[in-house]
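Keep the sequence and the 3D view open while reading.

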Amino acid sequence: MTPGPADSAGGAVKQMDELVGRIVAELGIDRDVAEKAVGIILAFLIKEGPADKIKPLLDAMPGAEAAAAAAPAGGMFGGIMGVGSQLMGLGLGMGEVQGIARTLLAYAREKVGEDAVGEMVGSIPGLSQFA
């Protein structure tokens with residue numbers, strides 16, 4: 001029997017749950033805030049990064065595009081400053097923002113490897129400070 005859409009969605013949710021759970025455990029922040037933060041960062045990567053550099057990550061992280069689509073709309077600033085502003089708007093301090101970004105990138109390295117993440121980070125201005 002092949003998995004149906006519900007099975008795929010369940011797998012996607014589990015994939016994002018693993019990442020969100022890691023952020024909650026490592027940083028001690030609220031789960032809802034962690035979910036929103038992951039969505040904001042993924043939406044930023046999708047918007048700012050070259051598609052060929054982002055696609056491997058999205059393919060390896062089922063649920064990433066849905067999490068990005070569910071993220072709150074951006075603020076008045078674009079780029080990495082806009083992401084920081086959005087994340088701090090969730091009540092996160094700069095240390096927590098950096099921790100979330102580093103945890104997400106470490107998780108990405110586990111999924112697609114150091115080279116792919118390095119290329120992605122190198123293609124987006126300002127992101128290397130969180131790598």
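**Helix packing**

The buried residues of α5 pack against α2 (31-48) and α6 (94-112). Buried means under 20% relative accessible area with a 1.4 Å probe, protein chains only. Helices are DSSP runs (H or I, at least four residues), numbered from the N terminus. This is a predicted model: local features need pLDDT of at least 70, side-chain atom pairs count only at pLDDT 80 or more, and totals for chains, interfaces and linings use all residues. Residues are numbered from 1 along each chain as its sequence is written, and side-chain values use heavy atoms, without hydrogens and water.

**Helix α5**
- Helix α5 spans residues 79-89, and its buried residues are Ile 80, Gly 82, Val 83, Gly 84, Gln 86 and Leu 87.

**Helix α3**
- In helix α3 (residues 51-60), Ile 54, Leu 57 and Leu 58 are the buried residues.
- They lie on the same side of α3 because they cover an arc of only 100° around the axis. The arc is taken from the directions from the helix axis to the C-beta atoms.
- The buried residues of α3 pack against α2, α4 (64-69), α6 and α7 (114-122).

**α2 against α6**
- The axes of α2 and α6, lines fitted to C-alpha atoms over the stretch in contact, come within 11 Å and cross at roughly 65°.
- The crossing of α2 and α6 is right-handed.
- Contact (heavy atoms within 4.5 Å) involves Ala 37, Val 38, Ile 41, Leu 42 and Leu 45 of α2, and Ile 100, Ala 101 and Leu 104 of α6.

Technical notes:
Buried means under 20% relative accessible area, exposed over 50%, partly exposed in between (1.4 Å probe, protein chains only). Helices (H or I, at least four residues) and strands (E, at least two) are DSSP runs, numbered from the N terminus. Axes are lines fitted to C-alpha atoms, for helices over the stretch in contact, and angles run from 0 to 180 degrees between N-to-C directions. A crossing is left-handed if the near helix is turned anticlockwise from the far one by less than a right angle, and right-handed if clockwise.
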